[in-house]
Amino acid sequence: MFAFVWAVSVRTGMFIRRFMPTSRLLDALHTRRGLKWGLPAMLLAVPYGLFAAAFAGMAEDGGWFSALALLCVWNACKFLVAGPVTAIRLLHLRAREARSRRILAMLELEAEAEAGVRRPDPAIQH
């Protein structure tokens with residue numbers, strides 16, 4: 001029974017991840033190119049919050065509007081969390097790239113020093 005529940009939850013999660021627009025957008029935000037759009041994507045939480053309030057007002061009359069309100073609140077929370085998370089990941093990634101560039105430059109200088117190649121000093125102009 002446990003294996004069946006596990007399989008159904010995994011398949012449901014993969015379906016949602018593949019076909020739901022907010023999940024696809026969040027997946028795109030977590031790529032290297034998309035990290036810079038994380039903070040502007042937080043603004044999408046505003047319309048979701050407005051829709052959630054509207055659906056919650058309609059839910060008082062009955063119907064399935066409370067489920068739509070919950071869905072909108074969930075999507076708003078996802079975008080509110082994605083903004084700072086992508087900003088932190090972007091800062092970490094840029095620091096790691098800068099560190100890699102410095103290490104590569106040091107290795108190139110060491111290789112040139114071992115080969116006996118001298119670079120002209122930019123401070124000395126002829």
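**Figure 1. The buried residues of helix α5 in this predicted model.** Here we look at the part of α5 that is hidden from solvent: Ala69, Cys72, Asn75, Ala76, Lys78, Phe79, Ala82, Gly83, Thr86, Leu90 and Leu93 are its buried residues. These residues pack against α2, α3 (38-41) and α4 (45-59).

**Figure 2. Helix α5 from end to end.** Helix α5 runs over residues 65-115. With 51 residues at 1.5 Å each, α5 should span 75 Å, and the 73 Å between its end C-alpha atoms agrees with that. Along the way there is a bend of about 25° at alanine 82, with a proline, proline 84, following within four residues. After α5 comes glycine 116, which has a positive phi, near 85°.

**Figure 3. Helix α2 alongside helix α5.** Two packed helices are described by the angle between their axes and the distance between the axes. For α2 (residues 21-29) and α5, the angle is about 0° and the axes are 11 Å apart. The two helices are therefore roughly parallel. On the α2 side you will find Thr22, Ser23, Leu25, Leu26 and Leu29, which meet Asn75, Lys78, Phe79, Ala82 and Thr86 of α5. Sorted by class, this contact of α2 with α5 has 5 nonpolar, 4 polar and 1 charged residues.

**Figure 4. Helix α1 crossing helix α2.** The axes of α1 (residues 2-19) and α2 come within 5 Å of each other and cross at roughly 75°. This angle makes α1 roughly perpendicular to α2. From α1, the residues making the contact are Ile16, Arg17, Arg18 and Phe19, and from α2 they are Pro21, Ser23, Arg24 and Asp27. By class, the contact of α1 with α2 has 3 nonpolar, 1 polar and 4 charged residues.

Figure 5. Threonine 86 lies in helix α5. Is threonine 86 buried or exposed? Its relative accessibility is 0%, so threonine 86 counts as buried. Leaving aside neighbours within four places in sequence, threonine 86 is in contact with Leu29, His30, Leu35, Gly38 and Leu39. Threonine 86 is also one of the α5 residues that meet α2.

Figure 6. Asparagine 75 has its place in α5, while tyrosine 48 is found in α4. Asparagine 75 has a relative accessibility of 6% and so counts as buried, whereas tyrosine 48, at 22%, counts as partly exposed. Which residues does asparagine 75 touch, not counting residues up to four places away in sequence? They are Thr22 and Tyr48. Tyrosine 48, leaving aside its neighbours within four places in sequence, is in contact with Thr22, Cys72, Asn75, Ala76 and Phe79. Elsewhere, tyrosine 48 and lysine 36 are 12 residues apart in sequence, and their C-alpha atoms are 21 Å apart in space.

**Figure 7. Alanine 45 in helix α4.** Alanine 45 lies in α4, and at 9% relative accessibility it counts as buried. Leaving aside its neighbours within four places in sequence, alanine 45 is in contact with Ala76, Phe79 and Leu80. Another pair to look for is alanine 45 and valine 73: 28 residues separate them in sequence, and 8.5 Å in space, C-alpha to C-alpha.

Figure 8. Methionine 58 is partly exposed, with a relative accessible area of 35%, and alanine 59 counts as partly exposed at 23% relative accessibility. What does alanine 59 touch, not counting residues up to four places away in sequence? The residues are Phe65 and Ser66. From alanine 59 to alanine 69 the distance is 8.2 Å, C-alpha to C-alpha, for a separation of 10 residues in sequence.

Note on methods: Residues numbered from 1 in each chain as written. Predicted model: local features only at pLDDT ≥ 70, side-chain atom pairs only at ≥ 80, totals over all residues. Heavy atoms only, no water. Axes fitted to C-alpha atoms, helices over the stretch in contact; angles between N-to-C directions. Parallel < 35°, antiparallel > 145°, perpendicular 65-115°, else oblique. Contact = heavy atoms within 4.5 Å. Nonpolar A, V, L, I, M, F, W, Y, C, P; charged D, E, K, R; others polar. Expected span 1.5 Å × (residues − 1). Bend = angle between axes of the 7 residues up to and from the residue. Buried < 20%, exposed > 50% of the residue type's maximum accessible area, 1.4 Å probe, protein only.
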